[in-house]
Amino acid sequence: METTSSSRVGAQPAEAPTAPPAAPESDAEAAAQAAQAAQDPEAAQAPQDPSAPPTPVPGARRTAEGYRRASFPWYGLDAAFTGPRWLMQVGTAADGTVEHGSTGHGDEPSVRGEIATGEKERFAVVVTVASNPLRRSADGTGVLEATSVSSAAWLAGSGLLAFTWPGQMDHSLRSDWLDQQTEAAWELADDLGGEDWSTLSLPVDGEPTPFHYRESEFGWVLAGSTPGGVHLGAYGRGMSAYGLGFSVIGDLGTYE
């Protein structure tokens, strides 16, 4: 994936990186806003910047309407997972086309959940990214990079950061920390062949599928592509990625 801001999915495609210096800044701000939205219900009502990582919104506002407008199938954990399922948000292009979105499984995470309760939240979020070989810029005057596995890796990595807050960190320092970590996540997503990633095979619709996988002190992130033509990202904490399986969501109602 080329390091151009257009490669970041979201406001334009599905969230792939863009111009080296500029892209990380804008996406870092988006991630910071996403974290704020998770804390502030009112902020979650504002229109979502497609390039920002999807974040949970209060249950009363979660509906499958936006998901049903997508032209691609949504993925979640397969039937082996029997815990709670919940919707997050979708990301759209400037023309309203749905480009990506996330579904949650397990405990609904909060930015400072572990610090507040002393208990680790157990969750896994699955990110589905439309495969777009050709994408138009927000103003309609240019063409952007195609979405890729790196797009899914970026969304998953920045999504995990939205629910991460080192226990020893003061509130006033989190913005700087988030900027730095978001840029690092972008660089990692742009180098899936690097030493920070390993390979993990997991079932997708019953078929073994290779994923890029990495762990950190904050949780794990993985990304791959499905035979059906969409890119999958996932992130989580407290649940092992090694035992997960993914499948097309047949009934979005099970997530509402």
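Helices (H or I, at least four residues) and strands (E, at least two) are taken here as DSSP runs, numbered from the N terminus. On that basis, Arg 237 lies in strand β10. The structure is a predicted model, so local features need pLDDT of at least 70 and side-chain atom pairs count only at pLDDT 80 or more, while totals for chains, interfaces and linings use all residues. Residues are numbered from 1 along each chain as its sequence is written, and side-chain values use heavy atoms, with hydrogens and water left out.

Two strands are said to pair if DSSP finds at least two bridges between them. Strand β8 (residues 207–216) runs antiparallel to β9 and is joined to it by 5 bridges, with Arg 214 having Val 221 of β9 as its bridge partner. The hairpin from β8 to β9 passes through 2 residues. On to strand β10 (residues 231–237): β9 and β10 pair in the antiparallel sense over 6 bridges, and Trp 220 stands opposite Gly 236 in β10. The hairpin of β9 and β10 has 5 residues between the strands, and Gly 229 there takes a positive phi near 100 degrees.

The loop between β8 and β9 holds Phe 218, which is buried with a relative accessible area of 14%. Phe 218 and Arg 237 are 19 residues apart along the chain, and their C-alpha atoms are separated by 7.2 Å. The side chain of Arg 237 reaches the backbone oxygen of Phe 218 at 2.8 Å, a polar contact (a pair of N or O atoms within 3.5 Å; within protein, one must be able to donate a hydrogen and the other to accept it, and residues adjacent in sequence count only if both atoms are side-chain atoms). Leaving aside neighbours within four places in sequence, Arg 237 is in contact (heavy atoms within 4.5 Å) with residues including Phe 123, Leu 160, Phe 163, Gly 219 and Trp 220.

A salt bridge is a side-chain nitrogen of Lys or Arg within 4 Å of a carboxyl oxygen of Asp or Glu. A search of the whole structure finds 1. That pair is Arg 68 with Glu 256, whose closest N and O atoms are 4.0 Å apart. It links distant parts of the chain, 188 residues apart: Arg 68 is in helix α2 (residues 65–68) and Glu 256 in the segment after β11 (246–248). Arg 68 counts as exposed at 53% relative accessibility, and Glu 256 counts as exposed at 52%.

Not counting residues up to four places away in sequence, Leu 222 touches, among others, Ala 156, Leu 200, Phe 211, Leu 232 and Phe 246.

Key: Buried < 20%, exposed > 50% of the residue type's maximum accessible area, 1.4 Å probe, protein only.
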